[in-house]
Amino acid sequence: MSYKELKRKIDAQQVTFLDGGIGTEILRRGYTWASHQLKSEPELNLEIHQDYINAGADVITTNTFQLSKRSFRNHFANDEHLEAIGVRGLLDRAGELIHESVALADKARRSLDHSDTLIAASITTLEWCFRPDRSPDAEEIFDEYLEELTDYAEAGADIFLFETFNSTPEAEVAIKAAKEVGKPAWVAFVPYQDGRLLGGQSMEEVTEAMARNEPDVLLLNCAPPDHITAGLEQLAPLWNKPLGVYAHVGKFNPPEWQFTDDYNADQHLQECKHWHDLGATVIGGCCGTTPDYIKKVTEFFS
Ligand SMILES: [Zn+2]
């Protein structure tokens with residue numbers, strides 16, 4: 001379907017489905033994040049996209065979390081140092097991988113004759129997503145977002161999914177850049193156990209900031225189900241536009257993920273029903289969830 005049609009469905013409060021974890025699914029299938037490499041193992045990534053489409057996802061997300069020029073730059077003292085010891089063309093790699101990852105998601109939907117599946121570009125904060133204290137000054141980052149988003153738009157992404165965001169100032173810049181590029185922005189924040197953002201902002205502050213910028217969907221993600229519930233209970237009464245959730249399942253075991261059976265696919269579905277009762281209509285899964293989790297959700301709500 002076109003984005004216009006999807007938006008009509010979302011605005012009509014019909015349940016819309018995102019995919020589940022990709023990075024964690026790579027681990028579950030026996031690869032590490034260092035070994036999977038988009039370039040050397042494209043089939044692995046393609047299969048995961050296909051499995052989520054088959055599970056009923058309306059929107060699949062690119063495998064591009066934290067892919068940015070800044071991620072590469074942060075390994076070096078400065079650009080001169082990068083030039084001196086970095087491999088040639090390192091900074092161009094972000095743009096190249098963005099194009100390849102969108103092309104891979106597109107290949108997945110075409111291979112299944114599902115050209116109506118939409119592709120969301122997975123974009124997180126410029127610095128580490130769980131460190132709101134490191135969020136850069138909002139005035140300085142517009143151009144960085146603009147460059148990154150332009151790459152995604154040129155590659156053919158349908159939606160910018162700003163996910164695992166930890167504060168509103170950076171989200172506001174990201175949405176402004178999305179508007180400049182001319183593609184829809186969805187914004188997902190990480191709630192903490194007290195129902196506030198990881199950076200301490202209240203849901204009142206979130207809704208005030210988002211009302212100024214109007215993302216098409218406001219979501220909560222990358223937190224365990226009870227934190228998502230705490231956030232949603234505070235957010236839902238304050239926001240009368242489309243809301244979404246995608247929780248993670250398991251424990252973070254840096255740099256990778258530890259799978260647990262705290263919430264199996266059936267228990268996860270029970271949580272999704274509760275979130276739907278609270279007002280969430282865009283539903284998917286974050287780290288640790290699998291195509292089975294998504295299938296349970298799509299089968300129940302379809
Ligand atoms: Zn996550």
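I started with helix H4, whose buried residues pack against helix H2 (23–28), strand E2 (59–61), helix H7 (92–111) and helix H13 (291–301). A reminder to myself: this is a predicted model. Which residues of H4 are buried? I noted Asn 45, Ile 48, His 49, Asp 51, Tyr 52 and Ile 53.

Next I checked the length of H4. The helix covers residues 42–54, and at 1.5 Å a residue its 13 residues should span 18 Å. I found its end C-alpha atoms 18 Å apart, so the two agree. Just after H4, I came across Gly 56, which has a positive phi of about 110°.

Then I turned to helix H8 (residues 142–155) and helix H9 (residues 168–181). Their axes lie 9 Å apart and pack at an angle of about 45°, so I logged H8 and H9 as oblique to each other. Their crossing is right-handed. From H8, Phe 142, Tyr 145, Leu 146, Leu 149, Thr 150 and Ala 153 take part, meeting Val 173, Ala 174, Lys 176, Ala 177, Ala 178, Glu 180 and Val 181 in H9. I sorted the residues of this contact into ten nonpolar, one polar and two charged.

My last pair was helix H11 (residues 225–235) with helix H12 (residues 265–278). Here the axes come within 10 Å and cross at roughly 5°; H11 and H12 are therefore roughly parallel to each other. On the H11 side I listed Pro 225, Ile 228, Thr 229, Leu 232 and Glu 233, which meet Glu 271, His 274, Trp 275 and Leu 278 in H12. That contact divides into five nonpolar, two polar and two charged residues.

Note on methods. Residues numbered from 1 in each chain as written. Predicted model: local features only at pLDDT ≥ 70, side-chain atom pairs only at ≥ 80, totals over all residues. Axes fitted to C-alpha atoms, helices over the stretch in contact; angles between N-to-C directions. Helix = DSSP H or I, 4+ residues; strand = E, 2+ residues; numbered from the N terminus. Parallel < 35°, antiparallel > 145°, perpendicular 65-115°, else oblique. Contact = placed C-beta atoms within 7 Å. Nonpolar A, V, L, I, M, F, W, Y, C, P; charged D, E, K, R; others polar. Left-handed = near helix turned anticlockwise from the far one by under 90°. Expected span 1.5 Å × (residues − 1). Buried ≥ 20, exposed ≤ 12 C-beta atoms within 10 Å, placed from the backbone.
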